[in-house]
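The sequence and the structure come first, and the notes follow by topic.

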Amino acid sequence: MNNLAPKLSHEEYEKNFAEIHPALTHNQAVAEANRCLYCYDSPCMKACPTHIDISTFIKKIATENVKGAAKTILESNWIALTCAKACPVDVLCEGACVYNGRGEKPIAIGRLQRYAIDWYFERGMPPLFKCAPKNGKSVGIIGAGPAGLSCAAELALMGFNVTIYEGKSIPGGLDTWGIAPYKMSYQDSLNEIKLVESFGVDIKIGTRVGKDIAVAEVERKHDAIFLGVGLGSSPDLNIPGEDLDGVCDALEFIEKVTTRKWSSINVGRRVAVIGAGNTAIDAATEAMRLGADQVMMIYRRSKAEMPAYEYEYELAKNDGVLFHFLTSPKRVLGNGKVEALECIRMKLASSDASGRRRPEPIPHSEFQIPVDMVIKSLGQKAGENFLSQIQDLKTENGKVWVNPGTMQTSNPRYFAGGDCTNGGKEVVNAAADGKRAAHGIDKFVFK
Amino acid sequence: MVDLSIDCGGIKSPNPFWLASAPPTNSAYQVCKAFEQGWGGAVWKTIGEPVMNTVNRYGAIDYNGQKVIGLNNIELISDRPIEVNLKEIAETKKLWPDRAVMASLMVESKREAWHDIVKRTMDTGCDGIELNYGCPHGMSERGMGSAVGQVPEYCTMITEWVTEVSTIPVLVKLTPNISDIRFPARAAKKGGADGISLINTLNSVMGVDLDSFELKPSVDSKGGHGGYAGPAVKPVALHMVSQVAIDPQVNLPISGIGGISTWRDAAEFFLLGATSVQICTAVMHYGFRIINDLVEGLTNWMEEKGLTSIGQIVGKSLPCITDFGNLNLLYKTVAEIDESKCIQCNLCYIACEDGAHQCIDIIPHNGKNQPRIREADCVGCALCFLVCPVDGCISMVRKDDGAEATTWNELMKVLPQPLTWEALRQFQAKHGIEIH
């Protein structure tokens, strides 16, 4: 890289990556829990994709039955800690809180959920659930991300033998590798994995299906298979200079940051992030917090079309990230190393197939921005190679097709959930999918 | 211009807010500080027999995060010698001639003992005496406090001993730990009391520690009942104050006590017959400074209502008090939900469904679950109205035209006796009342 941002001190890194929403103290949690109206059939519960009985668990915190609160949460969602910390609560449970209707601050549901689950993990996961007697059936799960873990836990409790095949050396998928450290630590994800393993789930790490183990072998071993394989890397920009030193993929960059070895991560003084989704925001704010002088987000549409959540946008702005809307990258310039990004101004034309207004370049409006690093964040490519090895597996736009009620794919022995089926949504959607698929599998196997 | 000054049984004060005989009136330091901040009067912490307190003496009950909605104590009367208290009372009165300074007394049930302390008390120049017949703990085991208040004959006897020597007004403070508060009040009247103070604290056990299984508060692993006070006791106090106020056999000025924390509470006590109010727990929780809002809030409210003196509101609500048998059985209200204000918490639904008469449905509406009253089935019990967390969202709307009114007592004169369910059903059917 051309101009490396100087490394920060240990204290500066710790400060920059400190949790945005620290844990509630006991007093804070009980006070906040007492504020909850204990709605009946509450809107927050309905807004949660996993339908956690939120008002019930909150009332349990208020009575200091924290163990009961943890049980209520986990009964609905095995990925409860990650969800508590990484969920876009503003648009889910907290957005639905009736206090909004009374013009007041919603209940801090995410932080209360975290309080209960932290309590549970801090006390070494006191047993709350009992696995049913073994039913003699076996399920293979491909991918140890939130969808796979959720499906595995649910199946194991029902009495299935469950094996998860995970290509990476540490399980957890994006929960472990893809969430900004100021939201949660990868250690939280590892705790959730321990919980799933405590139900007897066998996680085979470093085992990539289609490479380290054949698809046929997996099919032979199990009565049903769940695909929780997520998505692939960010698509190429398809512009000249993309292979220069200093161009990288957002997820790869974020993965490095989650390892918390911040001083070993190189970041340029001036960084351009291409894209404006939630992942792009994470990459931009993380680059800022690693010590970059200036981080710019390059997005070809306007703010209105930006896929990132409003609070993520606010977070980036508060970090000093600059936004170049209606700007599209045209070339990465440099001699071996990135030196500048040539962009062109855009304007919005009529709506395209996605319903969003189509950006069009404004002729002769090219300009150059001197940068040392370019982070690509154009979403993730769907369709892992090995999926093509599965017979009769129907995909739509690269997404695995499923029956939304059972999560069964077009190949009846295969079920799927999470990003590989929805094209990239929240952890909580993956958790809900995995659980639903488990019940779909149970019905299928014992039909 | 609002004038808050009062005369309660001959005791005058610039405003009706007195500190109750309790820890906040333990010393001249405290009472003088309270007067500086605007309190109208103070009843000194009860003085009398030698006592010794335990170290911890208070227990509190919290509810849904609100601290100290109720406070109990096993503290005894003043644990400082009589002469120290009397000296400080005299000094305080001298410094604050316009405020009501009262001494609360409790000595053993001997005529000479009472004569002696009453005379010594009068020497301080204080404005009045309050007889403590109320403390339900400790002192009662020694035959004082509520042991007196629970036996009307003792009330009369000791009050007589006091009034036969006292030349200053005597208030008698009653215990609520009795089945009918009017009897000790009448007994005090008979003994020559100039006024009644009520209520003292309620017998209570505050709680049990779920780790040690000991009572709260626990004194070296042991405990017992104590006197319960604070916001939680206000409804009990309002009832007892009104009972004494409407009793023609009592007909004495009342100093209202029991859970008064705000000017709103105080106004309710005045409306139910109190001329002054006494406050303790709210001061123990927040300090003397609450007097500012007590005076200001009451003044503003009275101004708004066009009232100029406390006398205009004392007992104003008493005519509303009647027996159940005199209530109009044909008064009909139903609940109405203002859907523009509803936040869909559905607390009205579950309260009605599980706790009342199953008259609310949940109707999916614009992607939300909207509670709707089935008016035909609504019995008008108002439970939904009470649990609704949004002001003005549920209202109880009158549906009868007021033309007909029938009370139970009137009905019993009309219907054949002995009363049958069938006769009652016919009356209900005639008026479109369906019991379900």
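**Briefing**

In chain A, five strands make up an open sheet with parallel pairing, in the order β5-β13-β6-β7-β8. The model is predicted: local features need pLDDT of at least 70 and side-chain atom pairs count only at pLDDT 80 or more, while totals for chains, interfaces and linings use all residues. Residues are numbered from 1 along each chain as its sequence is written, and chains are lettered from A and ligands numbered from 1 in the order in which they are written.

**Sheet of chain A**

- β5 (247–249) and β8 (322–324) of chain A are at the edges with a single partner strand each, so one side of each has no neighbour in the sheet.
- From one strand to the next, the twist averages 25°.
- β7 (residues 294–298) and β8 of chain A pair in the parallel sense over three bridges (strands pair if DSSP finds at least two bridges between them).
- I298(A) has H324(A) in β8(A) as its bridge partner.
- Helix α14 (residues 250–258) of chain A packs on the sheet and touches β5 and β13 (373–376) of chain A (contact: C-beta atoms, placed from the backbone, within 7 Å).
- The direction of α14 makes about 75° with that of β5(A) (angles run from 0 to 180 degrees between N-to-C directions, with axes fitted to C-alpha atoms, for helices over the stretch in contact).

**Chain B**

- The domain assignment, automatic or from a database, gives domain 1 (6–320) and domain 2 (324–430) of chain B.
- The C-alpha centres of these two domains lie 40 Å apart.

Conventions. Helices (H or I, at least four residues) and strands (E, at least two) are DSSP runs, numbered from the N terminus. Two residues are in contact if their C-beta atoms, placed from the backbone, lie within 7 Å.
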